[in-house]
Amino acid sequence: MAADEVKVLGSWSSPFVLRARIALNIKCVEYEFLEETFVSKSDLLLKSNPVYKKFPVFIHGGRPICESLIIVQYVDEVWASGPAILPSDPYDRANARFWATYIDDKWHPSVRAILMADGEEAKKAAALEEANKGLALLEDTFRKCSKGQKFFGGDKIGYLDIALGGFLVWVRVIQILRNVSLIDESKTPNLLKWAQHFSDDAAVKDVLPETQRLLEFAKFYVAKVKATGNN
Amino acid sequence: MGEELKLFRTWSSRYALRVVHALKIKDLEYETIFEDIKNKSTSLLEYNPIHKKVPVLVHNGKPICESLVILEYIDEIWKQSPLLPQDPYEKAMARFWAKFGDDKVMPSIWSVFISQRKDQEEAIAQAAGNLKFLEEQLTGKKFFGGETIGYLDIAFGWVANLISILEEIADLKLVDAEIFPLLSAWMNNFSDHPVINECWPPRDKMVEKFKAMREPYVEKVA
């Protein structure tokens, strides 16, 4: 592989893979997208990510990097001449990292729990309450970070936009599939507007999965996960 | 210079200890506020309303939470004795392994500590597999950071301090010097470092604390 060759291993449906692709698009970096499936993982994936055996795997000049937020930060640092992804101020950076960690460690598990609560109303209700609490915090964070502009990053997409935005279509799909409301006009009016701006952004719109296609995939995914007993 | 630094911590928190080590390496002065977890101060709850936990670093009145986020913040503001590597790839690796330590290694060690018999055997196998990754990362290096202590050494500080305490209480050996020679050497080198060994919490208090934490899990066995 050439010293500057970039590959991304992953699936069109993964919110984590999406983060890596959006970061590369922001920096206008060309890359090869190697599609993986959930059913069987390629040798390259297993060799490149022996610890977790998951995607995304980002390979730059033959060297693999794993974990989506780590990949996004790497992309920001290597292609430093492109539009900045993390804020320049250290305190704002710390804030962005804090909330991105919150999204992955606290908010995402509750959203996933809603998805997996197929027919289990009590579980779904509990998970929904947690997810909505998180969204209320993120709505508040958006107001503080955006300072009246379109994105968490201000007038352009930044780290926190990518962290949350990766999940956007999954949020839409889960709302339809489980008949719940997550991002809406009454509870999270700013996030609702943000969602539209994010989806329309040049770095995002061509890689965002189509809602209908993801909806069909989600049904298959839930069934598969339950069949393997791997909730 | 007008810089005001405060650290909210408990006497035993391994996460707060990371920040203590980082501040010491950078030779920074700060005020320590010790928290009682059962009776958290209004200040802590104001500074960390989301998680209500230590550590919180307050710099000129602005709070930063989550120990690994705090380490990066400290490294970005104070450039002396860099913690993270300069090279973006090495930086990414340091971040990856620090996260692995928190997400996988620590929980697997804890499982060994609180489980019994067959469950414990399985937990030991799992923990050993995780520790093997750490052993590999030390190939050709004295510290995870190379010749000097860095971000990843600080992130793994709990391995050097806590594991031997848990081993003593549970009466088992997880980090055997024959199976993990590099990791064992690292634990000694890290602990012996002057910046580090002054800051360890009192061992007898730690043994007492973790013995008490283990009790509910041991009592169930007749």
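Reader: Are A:Phe152 and A:Trp194 buried or exposed?

Author: This is a predicted model, where local features need pLDDT of at least 70, side-chain atom pairs count only at pLDDT 80 or more, and totals for chains, interfaces and linings use all residues. Residues are numbered from 1 along each chain as its sequence is written, chains are lettered from A and ligands numbered from 1 in the order written, and side-chain values use heavy atoms, without hydrogens and water. Buried means under 20% relative accessible area, exposed over 50%, and partly exposed in between (1.4 Å probe, protein chains only). By that rule, A:Phe152 and A:Trp194 are both buried.

Reader: How many degrees lie between the planes of A:Phe152 and A:Trp194?

Author: Rings of Phe, Tyr and Trp (its six-membered ring) pair if their centres lie within 6.5 Å; planes under 30 degrees apart are stacked, over 60 edge-to-face, and the rest tilted. The centres of A:Phe152 and A:Trp194 are 5.5 Å apart, and the pair is edge-to-face, with the planes at 80 degrees.

Reader: Why is the pair of B:Trp110 and B:Phe113 called tilted?

Author: The ring centres of B:Trp110 and B:Phe113 are 5.2 Å apart. The pair is tilted because the planes stand at 50 degrees.

Reader: Which residue lies over the face of B:Tyr89?

Author: A charge sits over a ring if NZ of Lys or CZ of Arg is within 6 Å of the ring centre and within 35 degrees of the ring normal. At 3.9 Å from the ring centre of B:Tyr89 lies A:Arg63.

Reader: Over which ring does the charged end of B:Lys209 sit?

Author: The charged end of B:Lys209 is 5.9 Å from the ring centre. The ring is that of B:Phe210.
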